[in-house]
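Welcome! Please take a moment to look over the sequence and the 3D view before reading on.

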Amino acid sequence: YLESEGAVKVVVGLGYWVCPHQFVVADVDMPILGADFLLDHGMIINMAKRRLDWIGGTLPLTVVANQVYCVLKEDLNSSGMERQIAMACIVDKDGHEVQGLGACLLEPDQSFMDRTGVLVARVLVDATSKAVPVQLAMVSATRLQKGTILGTVCSVQDPEAVKVASAQYQSTKQSDMVKSEQFLSQFDLSQSVLTSEEQMSLQQLLLSNQHLFSSDSSDRGRTRVATHSIRTRGAAPIKQVPRRIPQVLREVVDRQVQEMLEQDVIRPSVSP
């Protein structure tokens with residue numbers, strides 16, 4: 001029996017698919033995906049083929065004996081906007097190196113990527129050696145210390161299926177990095193009076209709040225901070241003859257109206 005401490009809505013990432021779900025908060029060591037999660041997202045556990053099937057595709061089931069981590073073997077410095085192959089090692093929860101696991105899946109730590117702006121490739125690794133190459137993509141200037149946890153590692157039953165899922169994940173992360181690079185290019189810090197440390201912190205702050213910025217003129221958000229109302233004070237509706245649009249402007253007006261309809265800025269009128 002677990003005593004509930006409330007509920008919270010969390011977004012769960014499975015491969016390249018995002019699944020928002022309402023979770024019960026309790027004092028447990030690891031999150032638990034229950035039958036309610038599977039039902040809400042139309043998922044089926046295929047034990048015969050050791051995989052999870054749902055509308056988003058399939059994911060291989062992994063077997064974890066003891067939680068192990070992939071950590072950096074040495075300090076890493078980057079000026080940003082580059083990719084590097086970093087050497088890492090596999091350790092247990094006490095920091096002791098672990099070898100002989102065979103083919104394993106490196107599952108990147110999402111909180112680490114959100115916090116630092118560093119993208120970690122989700123790939124199969126050979127955990128039989130002392131040094132494991134890991135592909136990293138640094139969008140902003142970054143300094144990582146030796147022992148930094150990049151993600152968790154677990155043995156897999158179907159390496160070929162994992163390669164397919166990892167390729168899909170890698171394609172999505174590649175697209176995310178390109179978007180992040182384009183986003184940061186809008187902020188020119190070359191003439192800034194900020195120190196390199198302050199610039200690094202600013203870039204990471206901007207990346208962590210990237211969703212608050214419009215990506216283009218059609219990317220319009222909504223706010224609940226300010227409200228707008230039109231006060232008619234009980235006045236009767238005004239009847240006017242429609243204003244004619246010049247023939248030369250009709251195509252432009254039709255196009256703009258259609259764009260606003262598609263962007264949900266306006267809607268068809270049903271007033272008398």
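The report below goes from the overall picture to the cores, the helices and a few single residues.

## The overall picture

What you see here is a predicted model. The protein averages a pLDDT of 77, and 82% of the residues score at least 70. Where pLDDT is low, the predicted coordinates should not be read in detail.

The protein contains five helices and 14 strands. Of its 272 residues, 28% count as buried. Its accessible surface comes to about 19,300 Å², and carbon and sulfur atoms account for 53% of that surface. Considering the contacts with a separation of 6 or more, 59% are between residues 24 or more positions apart.

Let us go inside. The largest nonpolar core has 25 residues. Those with the most contacts inside this core are Cys70, Ile90, Val120, Val134, Leu136 and Leu150. Two or more residues each are given to the core by strands S6 (62-72), S8 (82-92), S9 (103-108), S10 (118-120), S12 (132-138) and S14 (149-156), and by helix H2 (110-116). The largest share, five residues, comes from S12. Another core lies apart from this one and has eight residues, among them Val12, Phe37, Met43 and Trp54.

Which residues does leucine 150 touch, leaving out those up to four places away in sequence? Leucine 150 touches Cys70, Leu72, Ala88, Pro108, Asp109, Phe112, Val120, Val134 and Leu136.

Phenylalanine 23 sits in strand S2 (residues 17-24). Is this residue buried or exposed? Phenylalanine 23 has a relative accessibility of 14%, so it counts as buried, the cut-off being under 20%. Setting aside residues up to four places away in sequence, phenylalanine 23 touches Gly6, Ala7, Val8, Val10, Val12, Ile32, Leu33 and Phe37. Phenylalanine 23 and glycine 6 are 17 residues apart in sequence, with 8.7 Å from C-alpha to C-alpha.

Alanine 7, one of the residues that phenylalanine 23 touches, belongs to strand S1 (residues 7-14). Alanine 7 counts as exposed because its relative accessibility is 51%, and exposed means over 50%. With residues up to four places away in sequence not counted, alanine 7 touches Gln22, Phe23, Val24 and Val25. From alanine 7 to valine 24 there are 17 residues in sequence, and their C-alpha atoms are 4.4 Å apart in space.

Helix H4 (residues 196-208) has 13 residues. From its first C-alpha to its last, H4 reaches 18 Å, close to the 18 Å expected at 1.5 Å a residue. Where do its buried residues lie around the axis? The buried residues of H4 are Met200, Gln203, Leu206 and Leu207. They cover an arc of only 130° around the axis, so they are on the same side of H4. As a general rule, an α-helix has 3.6 residues a turn, so residues three or four places apart point the same way.

Helix H5 has 16 residues, which should span 22 Å at 1.5 Å a residue. The end C-alpha atoms of H5 are 24 Å apart, which agrees. Glutamate 262 is found in H5 and is exposed, with a relative accessible area of 61%. Glutamate 262 and serine 218 are 44 residues apart along the chain, and their C-alpha atoms are separated by 9.7 Å.

## Two positive phi angles

Most residues other than glycine have a negative phi. Arginine 233 has a positive phi of about 50° although it is not a glycine. Arginine 233 is found in the loop between H4 and H5, and at 77% relative accessibility it counts as exposed.

Aspartate 264 also has a positive phi without being a glycine, at about 60°. This residue lies in the segment after H5. Its relative accessibility is 48%, so aspartate 264 counts as partly exposed.

Key: Residues are numbered from 1 along each chain as its sequence is written. This is a predicted model: local features need pLDDT of at least 70, side-chain atom pairs count only at pLDDT 80 or more; totals for chains, interfaces and linings use all residues. Side-chain values use heavy atoms; hydrogens and water are left out. A nonpolar core is a set of buried Ala, Val, Leu, Ile, Met, Phe, Trp, Tyr and Cys residues joined through side-chain atoms within 4.5 Å. Buried means under 20% relative accessible area, exposed over 50%, partly exposed in between (1.4 Å probe, protein chains only). Helices (H or I, at least four residues) and strands (E, at least two) are DSSP runs, numbered from the N terminus. Contact means heavy atoms within 4.5 Å. pLDDT is the predictor's confidence in each residue, from 0 to 100. The expected span of a helix is 1.5 Å times one less than its number of residues. The arc is that of the directions from the helix axis to the C-beta atoms. Accessible areas come from the Shrake-Rupley method with a 1.4 Å probe; for residues, only the protein chains shown count as cover.
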